[in-house]
Every structure is written in C-alpha cells, then in structure tokens.
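Thanks for coming. Please have the sequence and the model open while I talk.

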Amino acid sequence: MTRKTFKPVVYLKENCPFCLKVRIALLETGLALQVDTRDFAAGSDEEQKIRAELQPHMEKISFPAAQLEPGGYVSESDDIVAFFAAIAGRDPKEMTVYRNYVDGVFSMSMQLWKENMELKKAASSA
Ligand SMILES: N[C@@H](CCC(=O)N[C@@H](CS)C(=O)NCC(=O)O)C(=O)O
C-alpha cells in the first residue's frame, strides 16, 4: 500500500471463521503489517468498545468489519478480501492458502453448521 496518511482498520472476532478469511488474505498478500488489526474476544469489553465505535457507521454490525478508506466501512468478508487482494495485485482465486481454507475447512464448517441447525430444528419439533 502506498497511501501514507490512512491505515485501513480491520475488526476481527477471535475464532470467527469469516474473520479467519480476512486474516489469511492479509498474511498471504503480505499486507498484514500495513493494516491496524483490532482483535477481540466475544463478550469482552473490547467488543463493546468496537461495537460502539462501528454503530454510527453501519446499519447492521457483523464481523469481520473494516474501515478501508476514511469513513468507508465494509462488513462483508469477501469485499474486504477483494479490497486487499486488489491492492496487492492478487486474485483471491489464485491465493493458495486462502483458497485451501475457503474451499476446505471454511466450506465444511458452514455445511456442518447448516446441518446442525436443521437437526436441532427437527429435534425440537419431534
Ligand atoms: N456475510 C458475512 C457473515 C459474517 C458473520 O456471520 N459473522 C458473524 C461472526 S462469525 C457475526 O458477525 N455475527 C453477528 C455478531 O457477532 O454480531 C461475511 O462473510 O462477512
């Protein structure tokens, strides 16, 4: 990144599978040190501070979230990854570690989560 005056900020929840997409993309593009990363644990005081900070800028807060340009807030992991990949001149589809995670563990965890929800729903109406 060549801009000196503004450092993008990413807000990442610990153990969030969507946030891990952004963490991996930042590492794989080599941009991790050029971004302010605000990590927090669910239920922490830091989370409350971050939610209060984001609240005026976002209709619905979800994580990951990022301020990519001054006043420009985004909360879709794919959009955040695309922003940093473009700066690094990379295509997310060609980023090996990122692709391995998204197509592998991430995809499997989404599938398991969906199945778990369906099983819980079926069990509660049985
Ligand atoms: N479509 C979003 C989904 C992100 C998402 O569902 N994140 C969860 C955390 S794992 C979330 O923010 N849940 C609501 C909350 O924590 O307030 C993305 O890909 O960024």
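Predicted model: local features only at pLDDT ≥ 70, side-chain atom pairs only at ≥ 80, totals over all residues.

Start with helix 3, residues 77-88. Helix 3 has twelve residues, and from the first C-alpha to the last it reaches 17 Å, close to the 16 Å expected at 1.5 Å a residue. After helix 3 comes Gly89, with a positive phi near 70°.

Which residues of helix 3 are buried? They are Ser77, Ile80, Val81, Phe83, Phe84 and Ala85. What do these buried residues pack against? Their partners are strand 1 (9-13), strand 3 (65-69), strand 4 (72-74), helix 1 (17-29) and helix 4 (96-124).

Now the rings. The count is four aromatic pairs. Take Phe18 and Phe106: the ring centres are 5.3 Å apart and the planes stand at 80°, over the 60 degrees required, so this pair is edge-to-face. Phe18 belongs to helix 1 and Phe106 to helix 4, so the pair ties together parts that are 88 residues apart in sequence. Phe18 is partly exposed, at 33% relative accessible area, whereas Phe106 is buried, at 9%.

Buried means under 20% relative accessible area, so Phe83, at 19%, counts as buried. Phe84 is at 1% and counts as buried too.

Last item: ring pairs link Phe18, Tyr101 and Phe106 into a cluster. That is the end of my part.

Key
Residues numbered from 1 in each chain as written. Heavy atoms only, no water. Helix = DSSP H or I, 4+ residues; strand = E, 2+ residues; numbered from the N terminus. Expected span 1.5 Å × (residues − 1). Buried < 20%, exposed > 50% of the residue type's maximum accessible area, 1.4 Å probe, protein only. Contact = heavy atoms within 4.5 Å. Phe/Tyr/Trp six-rings, centres within 6.5 Å; stacked < 30°, edge-to-face > 60°.
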